[in-house]
Amino acid sequence: MRSNSTNAPHDTAVPDARREKGIIPFSWAFLVITSALVLSACNRQQPLAPPEVQYGQSECADCGMIVSDQRYAAGLILETAQGERVPRVFDDIGCMVKYEQHQKDGKVLAHYVKDYQTNQWLAVEQAVLVHRQQIQSPMGYGLAAAGSREDAQKLAAGDANALTDFATLLRDDKPKAANADAAASTPQ
Ligand SMILES: [Zn+2]
């Protein structure tokens, strides 16, 4: 019985050849599909998607700190002058505000923030931001994001003045105001 497997090269040669023939059209199909995908990628950009963050490894594009707490993480997709799409990640929503106010790297195509509770990415336009001194975000900006107004109100502990949005923060020259005001009013 054992000899069947060792001295049967002539028997297997034919099926191998057939299999090889079968592979050739498959490879062609694969090549054609791959080429089509590459061409379409050149002609049309991929849809925008939140950036990849390696928590504990990725560096904040503004302050350089390691992004480790995803509850406060933020990110954006930048288009350079050469038309290249580049992701930027941040450890604090306030860092993204500050970066955006000063960056000259390109045009920002999309901003994302993490839902504080679910850790899911939200397009910043869909998020309700909460700006409160009590929110201990990594760089002390006191910012966190919620996916709904109800969740934001819970996060704000009923303080309606704490609810804000990204456009408002961008207009604000001092995104650190939540903490800076407190520090200024109580010099130690
Ligand atoms: Zn930062």
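Residues are numbered from 1 along each chain as its sequence is written. Because the model is predicted, local features need pLDDT of at least 70 and side-chain atom pairs count only at pLDDT 80 or more, while totals for chains, interfaces and linings use all residues.

**Exercise 1.** Determine how strand 5 pairs with strand 7 and with strand 6.

*Solution.* Strands (E, at least two residues) and helices (H or I, at least four) are DSSP runs, numbered from the N terminus. Two strands pair if DSSP finds at least two bridges between them. Strand 5 (residues 128-131) is antiparallel to strand 7, over 2 bridges. In this pairing Leu129 stands opposite Thr164, and Val130 stands opposite Leu163. Strand 5 is also antiparallel to strand 6, over 4 bridges; there, Ala145 is the bridge partner of Leu129.

**Exercise 2.** State whether the residues on the two faces of strand 5 are buried or exposed.

*Solution.* A residue is buried if 20 or more other C-beta atoms, placed from the backbone, lie within 10 Å of its own, exposed if 12 or fewer, and partly exposed in between. Val128 and Val130 on one side are buried, as are Leu129 and His131 on the other.

**Exercise 3.** Locate Ser148 and explain why it counts as partly exposed.

*Solution.* Ser148 lies in the loop between strand 6 (143-146) and helix 4 (149-155). Ser148 counts as partly exposed because it has 13 C-beta neighbours inside 10 Å. Ser148 and Asp115, 33 residues apart in sequence, are 9.4 Å apart in space, C-alpha to C-alpha.
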